[in-house]
Each structure stands twice: as structure tokens, then as C-alpha cells.
Amino acid sequence: MPRYDVKVSIDEQIVPPDRIACHHQEDPFPGGLTFRLTVVGERTTQFFPSISPGHYEHPDFLMSQSIFWSIESLLSKYNVKEADESSTADFFLNSIHTFMLSDSKAELTGVGSRALISS
């Protein structure tokens, strides 16, 4: 099990980390959902190597991409499936409103979307 804990809420409802994926969009589609993702653990900054500790409002495109890549890496630890199981996200994290990083915690809030299933 990982040495950190990831908690995700979508519209203030707890969602298991294995039901989340990142898909960065400056203008989220379909959007409409708010999310909060928190990572608590030792040396949290190591998961975000290109970002200095601090509080960021509406990070630019490159920082948002970096944050989402790091989050995807963290979430992959929760997405361990058997060979015959598919890994399907119910929600996508699309854009970041705030990002806070310290040595023991990272937290981001933003806009997300429910996964659309096409037939």
C-alpha cells in the first residue's frame, strides 16, 4: 500500500481514487462538477518535483499539466486491476482553481466532469 493517502470528493461526495482520472482542459467539457483532491503523506513535495511549496491560484497551462501528471502517477497506485478487468474512470479532473503544496500535504480544487459513455 502507498505511503500516502489520497482523498477525492466530487460535489462534496467522497469518491474512491480508483474511479478518478485526469484530463486537463482549460474549458472543461462537459464540466459542471467541483472537486477537491488531497494527498497526505511524508515528503509530499517529492511527487511534484517541478513545483515549489506554496499556494497557487489558477495555475498556468504548464503547471496544471505538471500537477495532473503527478496526480495520475499517484492514482495509478490505486488502479491495480486483474488482467481481465478494465479500468474505467467515473470522473475526470479537468481544470485547477487552487493548488497548495507543503512537505506533508498537497491539495487541489477545480472543475471536473462525469465520464461520458458513448455507444
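Two strands pair if DSSP finds at least two bridges between them. Helices (H or I, at least four residues) and strands (E, at least two) are DSSP runs, numbered from the N terminus. With these terms, I96 stands opposite G110 in β7.

This is a predicted model: local features need pLDDT of at least 70, side-chain atom pairs count only at pLDDT 80 or more, and totals for chains, interfaces and linings use all residues. Residues are numbered from 1 along each chain as its sequence is written, and side-chain values use heavy atoms, with hydrogens and water left out.

## Strands and their partners

Start with β7. This strand covers residues 105–114. Eight of its 10 residues are buried, so the strand is mostly covered. Buried means under 20% relative accessible area, exposed over 50%, and partly exposed in between (1.4 Å probe, protein chains only).

β7 pairs with β6 through nine bridges, and the two run antiparallel. A hairpin of three residues connects β6 to β7. β7 also pairs with β4, again antiparallel, through eight bridges. Two residue pairs show this second contact line. L33 has G112 in β7 as its bridge partner. F35 stands opposite G110 in β7.

## A buried serine

Where does S95 sit? Its place is in strand β6, which spans residues 91–101. Is S95 buried or exposed? S95 is buried, because its relative accessible area is 10%.

Contact means heavy atoms within 4.5 Å. Leaving aside residues up to four places away in sequence, S95 touches Q25, P28, F35, F68, T109, G110 and V111.

## The nonpolar core

A nonpolar core is a set of buried Ala, Val, Leu, Ile, Met, Phe, Trp, Tyr and Cys residues joined through side-chain atoms within 4.5 Å. The largest one here has 26 residues. Which members touch the most other members? They are I10, F48, I71, F99 and L108. At least two residues of this core come from each of β1, β3, β4, α1, β6 and β7.

## Salt bridges

Side chains of opposite charge can pair when their charged atoms come close. A salt bridge is a side-chain nitrogen of Lys or Arg within 4 Å of a carboxyl oxygen of Asp or Glu. How many does the structure hold? It holds three.

| Pair | N to O distance |
|---|---|
| D5 and K7 | 3.5 Å |
| R19 and D90 | 3.0 Å |
| R36 and E107 | 3.0 Å |

D90 counts as partly exposed, because its relative accessibility is 31%.

R36 and E107 meet in a salt bridge as well. This pair links distant parts of the chain: R36 is in strand β4 and E107 in strand β7, 71 residues apart. R36 is partly exposed at 40% relative accessibility, whereas E107 is buried at 18%.

D5, whose partner is K7, is partly exposed at 36% relative accessibility.

Most residues other than glycine have a negative phi, and most peptide bonds are trans.

E12 is not a glycine, yet has a positive phi of about 65°. E12 is found in the loop between β1 (4–10) and β2 (13–15). E12 is exposed, with a relative accessible area of 75%.

H58 is not a glycine either, and its positive phi is about 45°. The loop between β5 (54–57) and α1 (61–76) holds H58. H58 is exposed, with a relative accessible area of 54%.

Which residues does a cis peptide bond join? F29 and P30 are joined that way, with omega about 0°. P30 has its place in the loop between β3 (20–22) and β4 (33–41).
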